[in-house]
Amino acid sequence: MLMPSRSLLMAMATTMAVGLPVDPDLRCASDWRSPTILILYDTQTNHTKQLGLAIQQGCRTADPTPANCLASDIATPHTPGYPAARSAHAIAIGSPVLYANPSAGMLQWISDGLGPGWANRTFAGVPGCVFATGGGINQGLDSTLNALARGLVNFGFRLVTPDVASSGFYSSLGPTAVTGTLPWTGETVDEAFLEVGRAMGRKLVAEAQKEWQFRCG
């Protein structure tokens, strides 16, 4: 007798719980051992881009299996939207600090890129992380991370956070970079902050592999 897969059982349970149709979960059809990680960021001075690319670098060098890591600026003409988000095994979103908040562009992407999956909980339990860059040490980095994290948690994502015991550069919610306060100024993000991003990339891959092995294995 053939038994239904875990992913099908979860979809059936969600349908019965909320009374909504659930699309077949195609994420189990792709190779979760080398998961697809979607990294999206808004950037004004390329600082947030640099941190996002550090996360991508960590993803691609994860041990033992590197991931398929896609990084994109949301301002590009072909910004990945909901189809890419619902196909990813994990997601990372980042923004510069604007008056202690994420950028309007990133908040709009959360609405447009994740919104179609809200009612049927497409992203429930999917690993996700947040990151931010700002000029000051105490001028909005934490509140920006909090706002981004609330956005993901509202859609059901399971938040993946840094290991704060590693060093003083690791924040409690996600990688950050200070870019306008001495000694951290200039066009290039300091290596100490970039290493936090790489570590998050590796951790996000590991969490995605564990999550999808449970669902699909």
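User: How many helices and strands are there in the protein?
Analyst: In this predicted model, the elements read along the sequence in the pattern α-β-α-β-α-β-α-β-α-β-β-β-β-α. Counting by kind of element, the protein has 6 helices and 8 strands.

User: What share of the contacts with a separation of 6 or more comes from residues 24 or more positions apart?
Analyst: The protein has 217 residues, of which 48% count as buried. Among contacts with a separation of 6 or more, the share that joins residues 24 or more positions apart is 79%.

User: Which residues have the most contacts inside the largest nonpolar core?
Analyst: In soluble globular proteins, nonpolar side chains tend to be buried together. Here the largest nonpolar core has 52 residues, and helix 6 (residues 191-216) gives the largest share of this core, with 7 residues. Those with the most contacts inside the core are Ile37, Ile93, Trp109 and Leu114.

User: Which residues is isoleucine 93 in contact with, leaving aside its neighbours within four places in sequence?
Analyst: Isoleucine 93 is one of the residues with the most contacts inside the largest nonpolar core. Leaving aside neighbours within four places in sequence, its contacts are Leu40, Met106, Trp109, Ile110, Cys129, Val130, Phe131, Leu148 and Leu152.

User: Which residues of strand 4 point one way, and which the other way?
Analyst: In a regular strand the side chains alternate between the two faces of the sheet. Strand 4 is mostly covered, with 8 of its 8 residues buried, and the residues pointing either way are all buried. One way point Pro127, Cys129, Phe131 and Thr133, and the other way point Gly128, Val130, Ala132 and Gly134.

User: Which residue in strand 4 is the bridge partner of proline 96?
Analyst: Strand 3 and strand 4 run parallel, and 6 bridges join them. In strand 4, the bridge partner of proline 96 is threonine 133.

User: Is threonine 133 buried or exposed, and what is its relative accessible area?
Analyst: Threonine 133 is found in strand 4 (residues 127-134), and, not counting residues up to four places away in sequence, the residues that threonine 133 touches include His47, Thr48, Leu51 and Ser95. The side chains of threonine 133 and threonine 48 are joined by a polar contact of 2.6 Å. Buried means under 20% relative accessible area, and threonine 133 is buried, with a value of 4%.

User: Which cysteine does the disulfide join to cysteine 28?
Analyst: The count comes to 1 disulfide, with an S to S distance of 1.9 Å. Cysteine 28 lies in the loop between helix 1 (6-18) and strand 1 (36-41) and its partner in helix 6, so the pair ties together parts that are 188 residues apart in sequence. The torsion about the S-S bond is about -75 degrees, so the disulfide is left-handed. The partner of cysteine 28 is cysteine 216.

User: Why is cysteine 59 in no disulfide, and how far away is the nearest cysteine sulfur?
Analyst: A disulfide is a pair of cysteine sulfur atoms within 2.5 Å. Cysteine 59 is buried at 0% relative accessibility, and cysteine 69 is buried at 1%. Cysteine 59 is in no disulfide, and the nearest cysteine sulfur, that of cysteine 69, is at a distance of 3.2 Å.

User: What is the phi of tyrosine 99?
Analyst: Most residues other than glycine have a negative phi, and most peptide bonds are trans. Tyrosine 99 lies in the loop between strand 3 (90-96) and helix 4 (104-114) and counts as exposed at 79% relative accessibility. Although tyrosine 99 is not a glycine, its phi is positive, at about 50 degrees.

User: Which residues does the cis peptide bond with omega of about 5 degrees join?
Analyst: One of the two residues is a proline in the loop between strand 7 (180-181) and strand 8 (184-185). The cis peptide bond joins leucine 182 and proline 183.

How values were computed. Residues are numbered from 1 along each chain as its sequence is written. This is a predicted model: local features need pLDDT of at least 70, side-chain atom pairs count only at pLDDT 80 or more; totals for chains, interfaces and linings use all residues. Side-chain values use heavy atoms; hydrogens and water are left out. Helices (H or I, at least four residues) and strands (E, at least two) are DSSP runs, numbered from the N terminus. Buried means under 20% relative accessible area, exposed over 50%, partly exposed in between (1.4 Å probe, protein chains only). A nonpolar core is a set of buried Ala, Val, Leu, Ile, Met, Phe, Trp, Tyr and Cys residues joined through side-chain atoms within 4.5 Å. Contact means heavy atoms within 4.5 Å. A polar contact is a pair of N or O atoms within 3.5 Å; within protein, one must be able to donate a hydrogen and the other to accept it, and residues adjacent in sequence count only if both atoms are side-chain atoms. Two strands pair if DSSP finds at least two bridges between them.
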